[in-house]
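Thanks for coming. I will go through one structure today, starting with a pair of helices and then moving to a sheet. Please have the sequence and the model open.

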Amino acid sequence: MVGNNTWNAYAKEHLEKQFPKLATDNYALTSPDTIDYNCVAWAAETDEAWWWPDPMEQEYWPHGVPREETLSAFIAAFQTIGYETCEDASLEPSFQKIAIYADAQNTPRHVARQLPNGEWISKIGQYEDIQHRALSSLTGDLSAYGKVVQVMKRAV
Amino acid sequence: MTATVPSHEPKYEPDDLERIFNHLVQWVLTDTRSESSTLHIAIHPGYQQIIGLGQPAIPLLLREVERRTGRWFWALKAITRQDPVPPDDRGKTKKMIEAWLDWGQQQGYRW
């Protein structure tokens, strides 16, 4: 838990409005809100850069990976740091996993990282980081992140 | 043929500009706080209107950058057609903020 109770309640109210399934997830805020980094960076375990393949070339994106909002580009980005695609998001000893969410057009919207206890950690845009139990807690239409379309893992 | 600007091109009084700008900033931030996609943020209609304000919005954008309220680098680059951020510092928010604020001071902007 971070910040004071009033702020946490305010932040959670906004998060649950956008991601209604979080209300029953027993999730926790795990950082202050910040623009320093985003979900992709946090999935890659860095809090010093904002990762995104923006066409204006403002943000960090791994060298040599197409700068485009496609699932294949996101897979390639995580391959640069040792991840490979895998079939499911179950907890596997000695492996770390990430999950890529995409909208109905298969455009990536979010990436979450699995923790050693099997729960997930997500940086919510310019909001806080949260630790959540289920990947499905951030899924849904409209303002949510769509659905999980790819899981990747790497040995740790 | 030479392109021209009509003499009745609207101009904003400073207070009006700041009021309009602040309204647009709040609109963008309210709608895009959970976005990681810089592209989604930049194509928000409020963000596009901020870019449309043009050069008079630059010191106001630099103020927002200094306050760390959001990702305003795209708007600054779109308006100024300059990019003071070295390629190796792309995405590194703290260094991007430093680069743009230094640029603003060198250009004579005050905010």
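One definition before the helices: a crossing is called left-handed if the near helix is turned anticlockwise from the far one by less than a right angle, and right-handed if it is turned clockwise. What you have on screen is a predicted model.

With that in hand, take chain B. Which hand does the crossing of α4(B) and α6(B) have? It is left-handed. Helix α4, residues 58-67 of chain B, packs on helix α6, residues 93-106 of chain B, at an angle of about 145°. The axes of these two helices are 10 Å apart. From α4(B), the contact takes in B:Ile58, B:Leu62, B:Val65 and B:Glu66. From α6(B), the residues are B:Ile97, B:Trp100, B:Leu101, B:Trp103 and B:Gly104. Sorted by class, seven residues in this contact are nonpolar, one is polar and one is charged.

Staying with helix α6 of chain B, B:Ala99 is found there too. Is B:Ala99 buried or exposed? Buried means under 20% relative accessible area, and B:Ala99 has 14%, so it counts as buried. Apart from residues up to four places away in sequence, B:Ala99 touches B:Pro84 and B:Val85. B:Val85 is 14 residues from B:Ala99 along the chain, and their C-alpha atoms are separated by 5.7 Å.

Next, the cores. In soluble globular proteins, nonpolar side chains tend to be buried together. Here the largest nonpolar core has 59 residues. The residues with the most contacts inside this core are A:Val40, A:Phe78, B:Tyr47, B:Leu61 and B:Trp72. Which element gives the most to it? That is helix α3 of chain A, residues 71-79, with seven residues. There is also a second, separate core of 17 residues, and A:Ala99, A:Tyr127, A:Leu135 and A:Tyr145 are among them.

As for B:Tyr47, its contacts beyond four places in sequence include B:Val28, B:Ile41 and B:Ala42.

Strand β3 of chain A covers residues 95-102. Seven of its eight residues are buried, so β3(A) is largely enclosed by the rest of the structure. On one side, β3(A) pairs antiparallel with β7(A), residues 147-155, over eight bridges. In that pairing A:Tyr101 stands opposite A:Val148, and A:Phe95 stands opposite A:Ala155. β3(A) is also joined by five bridges to β4(A), residues 108-114, again antiparallel. There A:Ala102 stands opposite A:Pro108. The two strands β3(A) and β4(A) make a hairpin with five residues between them, and A:Asn106 in the turn has a positive phi of about 65°.

Moving along, β4(A) and β5(A) pair antiparallel over two bridges, with A:Gln114 opposite A:Trp120. Their hairpin has five residues between the strands, and A:Gly118 takes a positive phi near 95°. In a regular strand the side chains alternate between the two faces of the sheet. In β5(A), residues 120-123, A:Trp120 and A:Ser122 point one way and A:Ile121 and A:Lys123 the other way, and all are buried. Four bridges then join β5(A) to the antiparallel strand β6(A), residues 129-132, where A:Ile121 stands opposite A:Gln131.

Last, some backbone angles. Most residues other than glycine have a negative phi. A:Glu57, which is not a glycine, has a positive phi of about 55°. A:Glu57 is in the loop between α2 and α3 of chain A, and it is partly exposed, at 34% relative accessible area. A:Ser94 also has a positive phi, near 75°, and sits in the loop between β2 and β3 of chain A.

Note on methods. Residues numbered from 1 in each chain as written. Chains lettered and ligands numbered in written order. Predicted model: local features only at pLDDT ≥ 70, side-chain atom pairs only at ≥ 80, totals over all residues. Heavy atoms only, no water. Core = buried A, V, L, I, M, F, W, Y, C linked by side-chain atoms within 4.5 Å. Buried < 20%, exposed > 50% of the residue type's maximum accessible area, 1.4 Å probe, protein only. Contact = heavy atoms within 4.5 Å. Axes fitted to C-alpha atoms, helices over the stretch in contact; angles between N-to-C directions. Nonpolar A, V, L, I, M, F, W, Y, C, P; charged D, E, K, R; others polar. Pairing = 2+ DSSP bridges.
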